Amino acid sequence: GLKLACGACEGVALACEREGRGWPFTRLGMRKANIKCPGAQRLALAIKRASARVDRWEKQKEWSRRKLSKPEDGHGETGGDDFEGMFAVDGEDTNDEEEEPSSGVSGACAIGKQSRDSRTTPDLRKPTCRLRWLDLGSNLIGEIGASAIGNALTSNVPITRLSLRDNPLGVEACFSLGAALSRCCTLRRIDLAHCGFGDPGVVAFCAGIMSDPTFVSSSRSTSLRVLQLGFNNIGEAGINALVEVYNAGKLHNLEHLDLACNVLGPTGTAALAGLLTAQTSFDDDQTRKQHDDSSDDDENETSAAHTTTQTTRKPSRRGGLYSLDLAVNNVSVTVTGEGETTGERFGVRKLLNALERNKTLRQLNLRGNDLTPQIAGDVAEMLLENTSLTMVNVGYNKIYNEGVWELAEALSENVSLIGLDLQRNEISDEGAAHVQTLMKANSQIGEVDMRSNMLSPETVVAFGDVFGSRVNCRWQQEPPKVDKTTGKALVRRVADGFGGGVVARREAKKAAKNAKKQ
C-alpha cells in the first residue's frame with residue numbers, strides 16, 4: 001500500500017542479484033504498490049536468474065564430486081581448476097539472453113552499477129533461490145508482466161504460494177501460470193480472484209497445465225491444493241475445463257476450490273459434479289501435506305517440531321475436494337432472453353446427488369444463491385446420505401421456515417455436521433422452533449448461525465438461555481407483523497423480482513397499491 005511503483009521492483013531485483021546472491025527472500029509482498037508490467041518483468045527476471053544460478057551450482061557441484069572421486073589422470077589434475085569460475089556469483093554471471101525491462105528509474109540502476117563496479121573478487125558462496133511466498137495482488141500487472149512471472153517459475157524455485165489477485169490478467173497470462181504449475185512441484189496455492197479473465201482464462205489456465213507432453217504422459221499430479229477463482233465471471237465452459245484436467249489426474253491434490261461470485265448458473269453447477277468423484281489415497285508425504293497451513297510456514301523449522309507434527313497428524317484423507325465455495329453464483333437462476341427464471345433445481349440436484357456418494361468434502365458454501373424451500377429439501381435429502389460434511393452454509397437465501405423444517409428433520413440424526421449457517425433467510429419464530437428441536441435432538445451440532453432473520457426478542461433470549469453460544473442469533477430484523485384479529489402472521493410483502501431489503505419493501509408496497517387501483 002505504499003504506491004512504490006516499478007522503481008521499487010528494480011531496486012529489489014538489483015539488491016537480490018548483487019548483494020543476496022540470487023534471491024534470498026522467502027517472502028515478498030508488494031500489494032497495492034502501483035506495480036505495472038515492467039516492474040513485474042524485472043522481478044521475474046531476478047527470479048529466473050536466481051534459479052539458473054542455483055541450477056548451475058548444483059550441476060557443477062555434482063560434476064566436481066564425481067571427478068574428484070576418480071583417480072588422477074596421470075598428469076596430476078583432478079578436474080577442479082575451473083571451480084572458482086563455475087561457482088562465482090558476481091555481476092558478470094547474469095548475462096542472460098533476456099533483456100532487463102526498462103522501468104525509467106535511474107537511481108536504482110545507478111545503485112546497481114556502483115555495487116557491480118565495487119565488487120573486485122568473485123563470491124564463492126552458494127547462490128540463493130529461496131522464494132516461497134510471492135504476493136503481488138491489487139496492482140496493475142497485465143498480460144506481459146504476469147506471463148513473465150509464470151515463465152520464471154521453474155522447478156528450481158521452491159515457491160508454495162502465489163497471489164496475483166485483483167490484476168487485469170488475460171488469456172496469455174493464465175496459460176503461463178498454468179504451465180508454471182506443471183513445472184513447480186512445490187506450488188500449492190494460487191490466488192487469481194478478481195482478475196476478470198472469465199471462461200477463456202480458465203480454459204487457458206487448464207491448457208497451460210496440459211502443455212508439457214512429459215508431464216501429461218506421466219502419472220504425476222500437480223501439487224496445487226488451494227485454487228481461488230472468485231469474481232472472474234466464470235461459467236459452464238470454465239468448469240468443464242477444470243473437470244477435464246481433474247479427470248486427467250492433474251488436479252488430484254486439489255482440496256480447496258473458491259468459485260464465489262461467478263456466473264455458474266444451473267448448468268455450471270451441474271458440471272461441478274465431475275469434481276466430486278473419489279480419488280485414490282495419498283500415501284506420499286512429498287506430494288501431499290497435512291490439511292492445515294502449518295506446511296506453508298517458514299522453511300526453517302526444527303527437526304523436532306517436524307517430528308511432533310508427524311506424530312500428531314490426522315489420519316490421511318482420500319484424495320478429493322475438502323471445501324467448495326459456490327457463494328453468489330445463481331445456481332438456481334436461469335437467465336434467458338425473456339428474463340430470469342428462479343427456482344431451477346436440476347443443477348443443484350445433480351451436484352447434491354454427487355455429494356451423496358462423496359466422502360471427502362467437509363465444507364459446502366451455497367450462500368446467496370436464491371435457494372428456495374424446495375431446494376432446501378434437496379439439500380436435506382443429501383444430508384440424509386452424506387456423512388462427511390461438517391459445515392453447510394445456506395445463508396442469504398430464501399428457504400424460509402419451510403426450508404428450515406426440511407433441514408432440521410434431516411439433521412436430527414446426522415452425526416458429522418457441526419456447523420449450519422442460516423443467516424438472512426426470513427426465518428421467524430416458527431422456523432426457530434424447528435431449530436430448537438434440532439439442537440435438543442442432536443448435540444453434535446456445535447453452532448447454528450441465525451443472524452439477520454426475523455426472530456422475536458423473546459426467542460433470541462430463549463436461545464441464549466438454553467443453548468448459549470451454540471446458536472448465534474444476534475442482529476435480528478423486524479419480526480413479521482401479526483394480524484390482531486386472527487393472531488396469524490401477515491403475508492410477506494415482497495414482490496417477485498424485487499429481492500430483499502428496504503428497496504424491495506417499497507417496491508412491494510407500490511405494487512400492492514397499483515393492484516388495488518386496478
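Here is a short chat about the predicted model shown above.

Colleague: Happy to look at this with you! How many helices and strands does the protein have?
Modeller: This is a predicted model, so the count applies to that prediction. The protein is 518 residues in length, and 47% of them are buried. Its secondary structure comes to 17 helices and 16 strands.

Colleague: Nice. What is L422 in contact with, leaving aside its neighbours within four places in sequence?
Modeller: With heavy atoms within 4.5 Å as the cut-off, the partners of L422 include V394, I399, L407 and V448.

Colleague: Is the crossing of α6 and α7 left-handed or right-handed?
Modeller: Helix α6 covers residues 171-183 and helix α7 covers residues 198-209. They pack at an angle of about 30°, with axes 6 Å apart. Their crossing is right-handed.

Colleague: And how do the residues of that contact divide into nonpolar, polar and charged?
Modeller: From α6 come residues including V171, F175 and L181, while α7 supplies P200, F205 and I209 among them. Glycines take part as well, including G178 of α6 and G201 of α7. The division is 11 nonpolar, four polar and no charged.

Methods. Residues are numbered from 1 along each chain as its sequence is written. This is a predicted model: local features need pLDDT of at least 70, side-chain atom pairs count only at pLDDT 80 or more; totals for chains, interfaces and linings use all residues. Side-chain values use heavy atoms; hydrogens and water are left out. Axes are lines fitted to C-alpha atoms, for helices over the stretch in contact, and angles run from 0 to 180 degrees between N-to-C directions. Helices (H or I, at least four residues) and strands (E, at least two) are DSSP runs, numbered from the N terminus. A crossing is left-handed if the near helix is turned anticlockwise from the far one by less than a right angle, and right-handed if clockwise. Ala, Val, Leu, Ile, Met, Phe, Trp, Tyr, Cys and Pro count as nonpolar, Asp, Glu, Lys and Arg as charged, and the others, Gly among them, as polar. Buried means under 20% relative accessible area, exposed over 50%, partly exposed in between (1.4 Å probe, protein chains only).
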